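Welcome, and thanks for taking a look at this one. Please open the model below and keep it beside you while you read the notes that follow.

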Amino acid sequence: MALRNIIKEGDETLTKKSRPVTEFDKKLKILVKDMKDTLKKADGLGLAAPQIGILRRLVIVLDDDGKTMLALINPEIIDTKGEQEATEGCLSVPGVFGKTHRPAEVTVRAFNEKGEEIILTRKGITAVCFCHEIDHLNGILFREHVEEYIDPED
Ligand code: CO
């Protein structure tokens, strides 16, 4: 198991746009494994490659069952439905939480680590997570969506 360091807000890597993954090789499989290990250890819901300093279009999202970690490579949102209010935080912005609005349902087209196309539709927090993590690939932090910050002490 190899844990990667999660970079924090203020590091300009987080503001950059990531490039597509082009090689579905052993190196990618190691990266996916390391990101899953890092996400599990951090007890988060999602992790994008730029958060560990790698500007490639790859995210890990914890699925609805709370156990399965989805690796989404070169993900694209191809459909959304409705709207939901969410409470978001980010492993790169520790201790900060805010209310946002995101689509109620999100369909993503991506590739798995074997290079196979996958299409996934999710609601609730997993849909929020799809949006949040894909934003990271475009250099966008959740702060840009926050309508009101929440004091976690309340
Ligand atoms: Co984040």
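Lys81 is partly exposed, because its relative accessible area is 44% and partly exposed covers the range between under 20% (buried) and over 50% (exposed). The residue sits in strand E3, which covers residues 69-81. Please keep in mind that this is a predicted model.

**Around Lys81**

- Setting aside neighbours within four places in sequence, Lys81 is in contact with Pro103, Ala104 and Glu105.
- Lys8 is another matter: Lys81 and Lys8 are 31 Å apart in space, C-alpha to C-alpha, and 73 residues apart in sequence.

**The cobalt site**

- Three residues coordinate the cobalt ion, at 2.1 to 2.2 Å: Cys90 through SG, and His132 and His136 each through NE2.
- Along the sequence, the spacing of these donor residues reads C-x41-H-x3-H.
- Cys90 belongs to strand E4 (residues 84-90) and His136 to helix H2 (residues 124-137), so this pair ties together parts that lie 46 residues apart in sequence.
- Cys90 and His136 are both buried.

**Salt bridges**

- Side chains of opposite charge can pair when their charged atoms come close.
- In this structure there are 12 salt bridges.
- One of them joins the side chains of Arg143 and Glu9, at 2.5 Å from N to O. This pair links distant parts of the chain, 134 residues apart: Arg143 is in the loop between H2 and strand E8 (148-150), while Glu9 is in the segment before helix H1 (26-42).
- Arg143 counts as partly exposed, at 30% relative accessibility, and Glu9 is partly exposed too, with a relative accessible area of 35%.
- Glu88 and Arg102 also meet through their side chains in a salt bridge, at 2.7 Å from N to O. Here strand E4 holds Glu88 and strand E5 (residues 93-102) holds Arg102, and the two residues are 14 apart.
- Are Glu88 and Arg102 buried or exposed? Glu88 counts as buried because its relative accessibility is 3%, under the 20% cut-off. Arg102 counts as buried as well, at 4%.
- A further salt bridge brings together the side chains of Arg109 and Glu117, at 3.9 Å from N to O. Arg109 counts as partly exposed, at 31% relative accessibility.
- Asp63, Asp64 and Arg122 are linked in a network of salt bridges.

- Thr126 is found in helix H2.
- With a relative accessible area of 3%, Thr126 is buried.
- Not counting residues up to four places away in sequence, Thr126 touches Val61, Leu62, Asp63 and Asp64.

**Nonpolar cores**

- The largest nonpolar core has 16 residues, and the members that touch the most others are Leu28, Val32, Met35, Leu47, Leu58 and Ile60.
- H1, strand E2 (58-62) and E3 are the elements that give two or more residues to this core. Which element gives the most to this core? H1 does, with 5 residues.
- Leu28 is in contact with Val21, Glu23, Leu58, Ile73 and Glu113, leaving aside neighbours within four places in sequence.
- There is also a second, separate core of 15 residues, which includes Val106, Ala127, Cys129 and Phe130.

Methods: Residues numbered from 1 in each chain as written. Predicted model: local features only at pLDDT ≥ 70, side-chain atom pairs only at ≥ 80, totals over all residues. Heavy atoms only, no water. Donors = N, O, S within 2.8 Å, 3.2 Å for Na, K, Ca; no water. Helix = DSSP H or I, 4+ residues; strand = E, 2+ residues; numbered from the N terminus. Buried < 20%, exposed > 50% of the residue type's maximum accessible area, 1.4 Å probe, protein only. Contact = heavy atoms within 4.5 Å. Salt bridge = Lys/Arg side-chain N within 4 Å of Asp/Glu carboxyl O. Core = buried A, V, L, I, M, F, W, Y, C linked by side-chain atoms within 4.5 Å.
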